[in-house]
Amino acid sequence: MTGLNHAPSETQRLPFDLARIRRDFPILKREVAPGVPLIYLDNAATSQKPVQVIAELTRYYRDHNANIHRGVHTLSVESTELYEAARAKVARFINAPRTEEVIFTRNTTESINLVAHAWARKFLAAGDEVVISEIEHHSNIVPWQMLRDERGIVLRYIPMLPDGTLDLEVARKIIGPRTKLLAITAMSNALGSIVPLEVLVPLAKAHGATVLVDGAQSVPHMPVDVQALDIDFLAFSSHKMLGPTGIGILWGKMALLEAMDPFMGGGDMILTVSMDRSTWADVPAKFEAGTPNVADAIAFGAAIDYLDALGMDAVRAHEREVTDYALRRLSDVPGVSIFGPMDADLRGGVISFELEDVHPHDIGQVLDTYGIAIRTGHHCAQPVMSALNVPATARASFYIYNTTEEVEQLASALQAVSKFFGGGR
Ligand code: C6P
């Protein structure tokens with residue numbers, strides 16, 4: 001295999017400077033074993049971090065560290081300003097009408113649970129319907145099942161078609177006057193399918209339903225504009241888009257956020273407290289109880305600056321090109337079957353596949369000896385595995401720094417895996 005750090009000719013015509021981008025990610029230079037360079041294809045799980053984000057984290061702790069919203073001293077004021085500036089960057093990135101509509105959480109999971117606890121428990125009653133889909137991540141299934149068991153709401157699923165897209169005919173029948181919430185992913189983490197929000201959101205809105213979008217796999221990879229989408233809530237995670245772990249976002253329309261009760265009680269989320277009762281701070285503080293993850297929010301701001309500088313259209317174009325190449329190249333490998341739509345316009349940079357006669361975990365383990373990091377398993381989307389009738393898949397997922405040369409290396413390593421396990425007979 002060739003070294004990874006040569007800019008391959010195939011990628012020269014990609015719309016941005018891939019060699020320069022790769023230099024910003026120190027981890028891409030490491031070897032996972034002597035002489036075995038890392039090929040990181042597990043970006044749907046978490047992305048790598050550029051030096052700019054790592055430096056911002058260090059700079060914050062070195063030069064500014066203090067608790068926020070509480071002190072009058074210089075460090076506290078600076079920390080508060082940096083934290084709030086990061087919130088403003090997030091708001092601009094998703095075209096939120098107001099910066100205060102951006103709430104810092106721990107991750108997508110917490111953001112969805114926040115809506116389930118603070119909005120749905122207040123506004124949904126027994127018999128109200130919540131529509132989700134068969135391709136959701138567990139984070140957008142389990143909170144609604146818990147609510148169903150506790151409150152008697154009705155949970156309905158838009159089914160998946162054999163090609164990994166959603167059955168829109170059934171969606172048109174399911175979404176109706178009893179629908180109070182459509183909680184839907186924008187892109188499947190298990191299959192890569194892009195969900196046609198432009199079809200589903202108007203269906204829900206026509207019946208006056210609220211719309212929550214799980215943007216964990218879309219916000220990092222394509223332009224997302226909450227106003228153009230006409231949605232009510234958007235959940236996503238920093239760690240999948242060059243930022244640190246432990247910081248996530250819930251964006252919501254101000255009128256909804258104001259009508260909601262707090263999620264957790266404690267410091268920073270109150271206006272007044274007496275021994276009898278308490279009153280709440282304004283949004284977003286109402287939803288950010290306790291000392292927040294200041295450092296990681298600020299470093300997330302640096303990740304957004306990085307993506308903004310590239311442009312999300314260019315990010316999507318690059319990933320589309322790598323994905324299109326991978327769909328064609330992996331299809332040529334004897335024994336490989338790809339799940340999900342075969343048109344790169346219908347999917348993000350996630351490719352789930354199986355290799356005849358080889359268990360996905362074995363694929364993952366042998367690929368690791370080639371330095372190739374993929375994810376194997378059910379990808380926290382067990383209903384998708386049931387629909388595909390497989391226990392698990394192997395999944396390669398791409399980001400801004402991945403090259404078609406790496407796809408080549410994946411394809412030839414898969415050929416070797418197949419041979420090793422006696423496949424292609
Ligand atoms: N998917 C994957 O490997 P958290 O863990 O809260 O940051 O994100 C949860 C989540 C929610 N929705 C979608 C569509 C997701 O893809 C994820 C995270 C990772 O596919 C980890 S299971």
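Visitor: How do you know that the span of helix α10 (residues 294–310) agrees with its 17 residues?

Guide: The model is predicted, so local features need pLDDT of at least 70 and side-chain atom pairs count only at pLDDT 80 or more, while totals for chains, interfaces and linings use all residues. Residues are numbered from 1 along each chain as its sequence is written, and side-chain values use heavy atoms, with hydrogens and water left out. Helices are DSSP runs of H or I with at least four residues, strands are E runs of at least two, and both are numbered from the N terminus. The expected span of a helix is 1.5 Å times one less than its number of residues. For α10 that rule gives 24 Å, and the end C-alpha atoms are 25 Å apart, so the two agree.

Visitor: What makes α10 largely enclosed by the rest of the structure?

Guide: A residue is buried under 20% relative accessible area, exposed over 50%, and partly exposed in between (1.4 Å probe, protein chains only). In α10, 14 of the 17 residues are buried, and the helix is therefore largely enclosed. Just after α10, G311 takes a positive phi of about 90°.

Visitor: How does the reach of helix α3 (residues 74–93) compare with the span expected at 1.5 Å a residue?

Guide: The 20 residues of α3 reach 29 Å from first C-alpha to last, close to the expected 28 Å. Its buried residues include S76, Y83, R87 and F93.

Visitor: What covers the buried residues of α3?

Guide: Contact means heavy atoms within 4.5 Å. The covering elements include α2 (51–64), β4 (102–105), β9 (233–237), β10 (248–252), α10 and α11 (312–331). Just after α3, N95 has a positive phi of about 55°.

Visitor: Why is D343 called partly exposed?

Guide: The relative accessibility of D343 is 36%, so D343 counts as partly exposed. D343 lies in the loop between β13 (336–339) and β14 (350–355). Its C-alpha atom is 9.8 Å from that of R320, 23 residues apart along the chain.

Visitor: Is D357 called buried or exposed, and why?

Guide: D357 counts as exposed because its relative accessibility is 54%. D357 belongs to the loop between β14 and α12 (360–369), and its phi is near 70°, a positive value in a residue other than glycine.

Visitor: Is H379 buried or exposed?

Guide: H379 has a relative accessible area of 0% and is therefore buried. H379 is placed in the loop between β16 (375–377) and α13 (382–388). Although not a glycine, H379 has a positive phi of about 55°.

Visitor: Which peptide bond is cis, and what is its omega?

Guide: The bond joining V283 and P284 is cis, with omega about 10°. P284 sits in the loop between β12 (278–280) and α10.

Visitor: How do you know that the radius of gyration agrees with that of a compact globule?

Guide: The radius is taken over C-alpha atoms, and the globule rule is 2.2 Å times the number of residues to the power 0.38. For 425 residues the rule gives a value near 22 Å; the protein has 22 Å, so the two agree. Of these 425 residues, 56% count as buried. The secondary structure comes to 14 helices and 17 strands.
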